[in-house]
2 protein chains.
Amino acid sequence: MGLALYDTTLRDGSQGEGISLSLDDKLRITKQLDKFGIDFIEGGWPGSNPKDEAYFAAVKNLELKQANVTAFSSTRRPNLKVSADNNILKLVEAGVDYVTIFAKSWDLHVREALQISLTENLAMIADTIEFLTEKGLHVFFDAEHFFDGYLANAEYAIKTIQTAADAGAEVLTLCDTNGGMLPSRLRKIIKTVKSEVTAPLGIHAHNDGNLAVANSLTAFEEGAVQIQGTVGGLGERCGNADLCSVIPTIQLKYETRLLSDKQLKQLKPLYFFVTETANLIPDNNKPYVGKSAFTHKGGIHVSAVRKNPHTYEHIQPELVGNERRVLVSELAGKSNLRYKLQELGFNLADFSDGMIKKLIKRVKSLESKGYQFEGAEASLILLAFREFKGYQSFFEIEDFRTNSINRNNQTYSEAVVKMTVKGKKVHIAAEGDGPVNALDNCFRKALMNFYPEIAKTKLIDYKVRVLNGNDGTAAKVRVLIESSDFEKSWTTVGVSTNIIQASWDALIDSIEYWLLIEESIII
Amino acid sequence: MGLALYDTTLRDGSQGEGISLSLDDKLRITKQLDKFGIDFIEGGWPGSNPKDEAYFAAVKNLELKQANVTAFSSTRRPNLKVSADNNILKLVEAGVDYVTIFAKSWDLHVREALQISLTENLAMIADTIEFLTEKGLHVFFDAEHFFDGYLANAEYAIKTIQTAADAGAEVLTLCDTNGGMLPSRLRKIIKTVKSEVTAPLGIHAHNDGNLAVANSLTAFEEGAVQIQGTVGGLGERCGNADLCSVIPTIQLKYETRLLSDKQLKQLKPLYFFVTETANLIPDNNKPYVGKSAFTHKGGIHVSAVRKNPHTYEHIQPELVGNERRVLVSELAGKSNLRYKLQELGFNLADFSDGMIKKLIKRVKSLESKGYQFEGAEASLILLAFREFKGYQSFFEIEDFRTNSINRNNQTYSEAVVKMTVKGKKVHIAAEGDGPVNALDNCFRKALMNFYPEIAKTKLIDYKVRVLNGNDGTAAKVRVLIESSDFEKSWTTVGVSTNIIQASWDALIDSIEYWLLIEESIII
């Protein structure tokens, strides 16, 4: 049996705090996992809730390229015939070729959590797997708490997996369910297991000790053929092994081919897709796939990376669909800003040393007021334009106001803006879902007559951060606005003690950036 | 030399994207690290910027209990006498007892980044360390890129550290600067190094392969006596080794004492302190210290944990100052909600089975509308009170309105609220930094005559999340408001298509929760 990737984002991953996937979310993620090249997609536990049951009914129509969708379940319940256990019958009805059955390998759990005899637990494993293999299903076995169980009662832990193998399980996946194992101890245990059991082994690691990836790789080094994990390490408590780290490490560092080069390049997009779909905030520092994973800030690093990227990058970011970024910040010197301007599409010949110095001064001054351009490159581009290019704004704002009125627990918001566009006075009003949305609508309505293509653009995210007034000064807010024209997205920033002012500034930048592109001033 | 903890949050940690520490931040973090029990605090690079220079001038006055503050620097520059190198002179002027000198151990870097000869690099190491030890300083040596260097040119890499040891360096810290090493390969290299070099070794690992903690522990197993890392794993790209994982693992799993039990209990508070000070969002899934690290959601887990916490927890959360939490969510059953209510201080005898079912239904219905109670327990408590206790609200709102007006690029916000408190009509207006702040001020002003203690409370954080309208429906916003009375903090939630309405709902909950405590209805 060759090495297989087993994704449990849809099942174990969705146990994470704050994660709730709709049926539609689950189907969309399934398609992406298949396209990416995952071998087994654990879709859910049909017996445990109606959503997962509906998932298995719907997933049949997806026409997947290569992945096998697997259904997950516990063994039959204690003191019940398998054929009378509704969970197991639903598993058969799920209509998949592969099922994964989990059972306890730790005597403590058998006695205290299940409150049954050690023998009945073994019988539950044997009965269930035999029943399912007789139905023609391929069965994988998840030995829950295997390592803790082994340390408590090695003989019994081994008995549970041997029972599963004898009953027909094709892979015995050893689970570090509580996520507390150390790699060196895990290696020793797997070595012993290999000397006693001949069936292929798998690994399912949790990250409570910050070692899920290390434990998974250790098992891989010891010959495990099935590696379970989730996209981005989603999962209960500290999450599961992060497939976004495991996969590129095996392929690029152990040089064991799992995916085509083209598929591996989809790693970062896959991470963002799953994170977005789960409505989570992407982790910028996530290895391989985070926005900052190949981002250079320190001046020394930046100048070395410009000479030879290998000096500060463990792999080429492009291999996993990521990219190199260089930050502008107080820690960086002129070298950074020059690189950044180039990256942003400016011609360096347009900038004298004095202009660069002036721009750095301006960036630093704004940063000290709470601005952050690292996540708002569109605002940085505008800053450079406004400083150096004899830049003419596309419009002039005279004043604006916005009102929100609540009566009978219904809130109504509207805004009024007075501005000049292409020499013409515009005085316009609009409604919206709150004051910022009303201002945004107003603004777009005002520009529509002059730039009709603005209808294509949309505000897609709005983030507010209260900047800590630790030193007793008035609290400021930083607003980040992400906009999209359905081809690309861009982010702008505004800072003020007044949230409306901060939002407005970010809004202006957002529209002005789009206009720069629309008018081909930025290509 | 005994095992030492070496924290570089203030130096390497501050290279992370989006991290900017003020002088005051750095001093406050230093105090906390010292109190926590860190042995060496790398405070900065005095030669590289004025802020770090000011830090060393100020840190002398802190009266630390046990920590040694160390100053960091590169070696002397190429082709320059040590005594003429300003960086090195500033290091001496820093007035510390310990300094850390870094140099390149990778021939590629020497040739391509520094563009000097391999011999000059060795001379820079020797000269610098000799100069500093002659000044009476203890010197640690950071061998940058040691492992990559070893793989490229083992002989030269060893030569760099041997040179440092011969010149008087007390610890040779092997750095995985690019963060790409595998633990099994790192172990082999350290074993070889140990056979050739006798000086004590240290480890400095980065997390680009998601293996920084594993690599640090591997080095510890191989006898490294100095472990460098940062609080929460802050640092450039994917960060440094997370001391919040390394420390409890060594103390609790390797049973090697680093801190007192009392100090270890400060681990989670330390993580939150540093994260807050750096103005970052805490990572809920962070091993040991995250809010979700000991949080149980799946129904099976919850009922097992109630029987015996050891079944799903790798360590006792209290040992690191964390706590067990149980979530209410669609995945959980009655068992969860009962546990939660108990945890929140309710008497379960007050709740019939029917009431629990009704409350679950209400929670599920609100969750499907975008509410999330996991981070807003005060709103959950109010929900239970409002459903079951014949609860009388402390006030009734008739209507409210808020206006923001911008003229000459200045924004002015005010609000008006009409409400009934203790049978009396109140009609009141207030200004604020934006519409929500104006409403908040208005509300507090209205209640002040009736509950003067409200002056103690304050809105400390305000978060807005746009809920994705993936299925084409109107976008909703979820507002989380954190409030504090300087003894405790509590969080409330509001969801609406209108941001003002969502903010208002969270605001009402926040005040009502405080009143419940103030009136001793919640103890």
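**View 1. Helices packed on the sheet of chain A.** In this predicted model, helix α3 (residues 86-93) of chain A lies across β3 (68-74) and β4 (98-104) of chain A, at about 175° to β3(A). Helix α7 (residues 154-166) of chain A touches β4, β5 (138-144) and β6 (171-176), its direction making about 175° with that of β5(A). Helices (H or I, at least four residues) and strands (E, at least two) are DSSP runs numbered from the N terminus; axes are lines fitted to C-alpha atoms, for helices over the stretch in contact, with angles from 0 to 180 degrees between N-to-C directions. Residues are numbered from 1 along each chain as its sequence is written, and chains are lettered from A in the order written. Local features need pLDDT of at least 70, side-chain atom pairs count only at pLDDT 80 or more, and totals for chains, interfaces and linings use all residues.

**View 2. The barrel of chain A.** Eight strands, β1-β2-β3-β4-β5-β6-β7-β8, form a closed barrel with parallel pairing (at least two DSSP bridges between paired strands). Neighbouring strands are turned by 25° against each other on average, direction ignored. Strands β1 (residues 4-7) and β2 (residues 40-44) of chain A are joined by 2 bridges, and D7(A) stands opposite I41(A).

**View 3. The relation of chains A and B.** A rotation of 180° with 0.0 Å of shift along its axis superposes chain A on chain B, with an RMSD of 0.1 Å (least squares on C-alpha atoms of residues with pLDDT of at least 70 in both). The two copies are thus related as by a two-fold rotation axis. Of the residues of chain A, N403(A) comes closest to the rotation axis, its C-alpha at 2.1 Å.

Methods. Two residues are in contact if their C-beta atoms, placed from the backbone, lie within 7 Å.
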